[in-house]
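Me: Hey, I'm new to this one. Can you walk me through it?
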Amino acid sequence: MKLLMVCLGNICRSPLAEGILKKKIKENHLDWEVDSAGTESYHVGETPHPLAQKIAVHHGIDISGHRARRFSKSDLEKFDKIYAMAKDVYEEMKFIGGKNTNMQNIDLFLNEVSPGKNLSVPDPWYGGEEDFKYAYKLMEEACDKIILKYGRQNSGPLPL
Ligand code: 4NP
């Protein structure tokens with residue numbers, strides 16, 4: 001399975017979501033690929049925000065090698081599941097995709113935690129360490145749900 005995490009700048013939320021999910025994929029021995037991108041180009045080529053890197057390291061995750069890239073229309077064809085970190089990101093992806101965009105594989109990330117509620121991961125860009133911590137907590141919950149939901153499919157029946 002190929003998954004893409006998308007936020008605005010690809011320097012705060014989506015690289016963290018990518019890092020968290022990659023760690024859990026490894027722990028669960030899953031054969032999945034994860035990438036991330038941003039709908040805006042302001043930070044293309046940059047490393048993740050220092051506070052995103054700090055909280056990642058705190059959880060044993062190294063995202064320092066990530067470089068921000070912009071989400072493109074072709075991404076819509078390349079991934080099995082695409083997660084928007086927030087509603088504005090979802091709308092922007094729709095705009096980039098243009099008319100007749102197939103949004104079937106795209107969902108808001110937090111709908112994995114609260115189905116149908118269309119909640120957003122608050123943008124920590126303007127905030128401080130507490131805001132990054134809160135975003136991390138929300139994203140970790142969503143990653144756990146994704147592993148439970150899709151990771152069981154190839155692993156046979158559960159033990160009694
Ligand atoms: P992200 O956070 O979308 O989680 O990477 C942001 C980063 C930069 C900006 C906005 C959000 N910005 O306006 O530059």
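Me: What classes of residue make up the shell around the ligand?
Reply: By class, that shell has 7 nonpolar, 3 polar and 2 charged residues. Ala, Val, Leu, Ile, Met, Phe, Trp, Tyr, Cys and Pro count as nonpolar, Asp, Glu, Lys and Arg as charged, and the others, Gly among them, as polar. This is a predicted model, where local features need pLDDT of at least 70, side-chain atom pairs count only at pLDDT 80 or more, and totals for chains, interfaces and linings use all residues. Residues are numbered from 1 along each chain as its sequence is written, and side-chain values use heavy atoms, with hydrogens and water left out.

Me: Which residues surround the ligand?
Reply: C7, L8, G9, N10, I11, C12, R13, Y42, H43, D123, W125 and Y126, each with a heavy atom within 4 Å of the ligand.

Me: How far is the R13 side chain from a ligand oxygen atom?
Reply: An N or O atom in the R13 side chain is 2.8 Å from an oxygen atom of the ligand.

Me: And what about D123?
Reply: A polar atom in the D123 side chain lies 3.2 Å from a ligand oxygen atom.

Me: Where does N10 come in?
Reply: With its backbone: an N or O atom there lies 3.2 Å from an oxygen atom of the ligand.

Note on methods:
A polar contact is a pair of N or O atoms within 3.5 Å; within protein, one must be able to donate a hydrogen and the other to accept it, and residues adjacent in sequence count only if both atoms are side-chain atoms.
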